[in-house]
Amino acid sequence: MVIFMMITQKNSYIDLIDRNIMPFVQYGDYPDRYPALSALSFNEYFYRELRAASRELFAIFEKTVKIFQQAPRQFQEQMEIPPKLIPFLNIPNALNLSTWLSRFDFVLDENGDFKVVEINSDTPCAIIEAYYVNQIAADSFGYKNPNLGEENNLTSFLHQIKQIISPPQINLSIGNFTQSRPFVFSCFDDYIEDYGTTGYLMELMKINSSTYDVEFISFYDLQVDDDGILLPDGRHAAAIYRLHPMEILIEETATDGTDLGVMFLEKYAEGKFAMFNPPEAVIMQNKAFMALVWQVYLSGKYFNSAESSIIEKYMLPSFFEDDFHIVDGGEYIKKPIWGREGKNISIVDGSNKNTIYEHQIENPDEVVCRESTKFMYQKFVHTPKFEALTDSGHLEGFTTFSCFMLGRQPSAVYCRFSQEKIIGTEAYFVPLVIE
């Protein structure tokens, strides 16, 4: 089912990538470039199922979010939701969705079946790789791109968001459209991956927004006053795309001790501006959310037979730390509730909870994540090995396969590769093509 296309020379599709769009082709001190020199090829059914599974799971996850929102505050705090954040997780938003742009991550089990391991619902990255670079790679290899047309879909989706939450206004005196309150894109501009991703999305929104005001402002320069997000020219933002984790943003403070994160969300709650993704996106982002879905499924009270079948087919047994008792053998991944990029993840023996494998990532201090005191446990899948050609040569390792969601609609697919069992910051991007 898998075809490996090995490119022996370093002059490849990578050299065709516009570094202004993707400035992190060569990242930090890593000796290899981030994109692999080879691609993975699957038949069309593979991608259809990946997207279909994502669509079905998203509906189930949305249903579970509503269950969470109705749960007692004590339970929400047990999932390590920051107490200061809880009051802002039930605010209606323009799309009536808990996350607008998200990314499911799957692995393949020993039978070649998809198993979802998490959803990146708050601040998903790898957008440039899937929507832009994958087309360049597919063209270079002479294969069909499974993401053909998805960049246009993403552009239309961003335009739809802009129209809903920050429409242009007609200035009768000049007979033209004006935008007194711009749509702002924001991240910390010294984090190159976030800066590239934010800029890419901003430029796509501008494609269909030539008469509107769309601009970037660094989180370092972000100011909040009584009227919302204050811009350097004195105007206020109508909306903000923020690439900064909500569970961290809520704790941001000024040098004088002012709770900037709380103030920011209070103005959002007052309707001073719209936010993309909305605050409640953090609910699915919480690693324990997978355990919540599994426990709701086991209760047999909320999901119908079709939904239960999807859970049985695509999900893995997942447990809160307090609910994970010694089981009959098997291996489980132990994940911190607020972990990101594979940080502090280990594999344990399900029969005694002893550590079998502990994942060590390069530059762990550079991973932006909230510290966790609690963990969740998820059944570990022994995945088939794949091969990739990198600047260091021919490597054998493991992959995750992802599917982006534009609201409820499955979109571009994406693949990461690593020699490690738990894929983290050291991973390569591997283009996907159609067999």
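What share of the 435 residues in the protein is buried? Buried residues make up 58% of the 435, where buried means under 20% relative accessible area, exposed over 50% and partly exposed in between, with a 1.4 Å probe and protein chains only.

## Basis of the model

This is a predicted model, in which local features need pLDDT of at least 70, side-chain atom pairs count only at pLDDT 80 or more, and totals for chains, interfaces and linings use all residues. Residues are numbered from 1 along each chain as its sequence is written, and side-chain values use heavy atoms, with hydrogens and water left out.

## Overall make-up

The protein has 10 helices and 22 strands. These are DSSP runs numbered from the N terminus: helices are H or I with at least four residues, and strands are E with at least two.

A contact means heavy atoms within 4.5 Å. Of the contacts in the protein with a separation of 6 or more, 70% are between residues 24 or more positions apart.

## A five-stranded sheet

Strands of a sheet pair through backbone hydrogen bonds, either parallel or antiparallel. Here, an open sheet of 5 strands has antiparallel pairing and the order β13-β17-β14-β15-β16; two strands pair if DSSP finds at least two bridges between them. Its edge strands, β13 (318-320) and β16 (355-358), each pair on one side only. On average, neighbouring strands of this sheet are turned by 25° against each other, direction ignored.

Strands β14 (331-336) and β17 (375-379) are joined by 5 bridges in the antiparallel sense. K334 has Y377 in β17 as its bridge partner.

Helix α9 (residues 289-299) lies across β13 and β17 and runs at about 105° to β13. Axes are lines fitted to C-alpha atoms, for helices over the stretch in contact, and angles run from 0 to 180 degrees between N-to-C directions.

S308 is found in helix α10 (residues 305-314). S308 counts as buried because its relative accessibility is 14%. Leaving aside residues up to four places away in sequence, S308 touches Y297 and F303.

## The second largest pocket

A pocket is an open set of points on a 1 Å grid over the protein atoms alone, where a 1.4 Å probe fits, with protein on both sides within 12 Å along at least five of seven lines; lining residues have an atom within 4 Å of a point. The second largest pocket is lined by 13 residues, and F219, L222, E252, L260 and G261 lie nearest its centre. Elements giving two or more residues to this lining are β9 (223-225) and α7 (260-269). The largest share, 3 residues, comes from α7.
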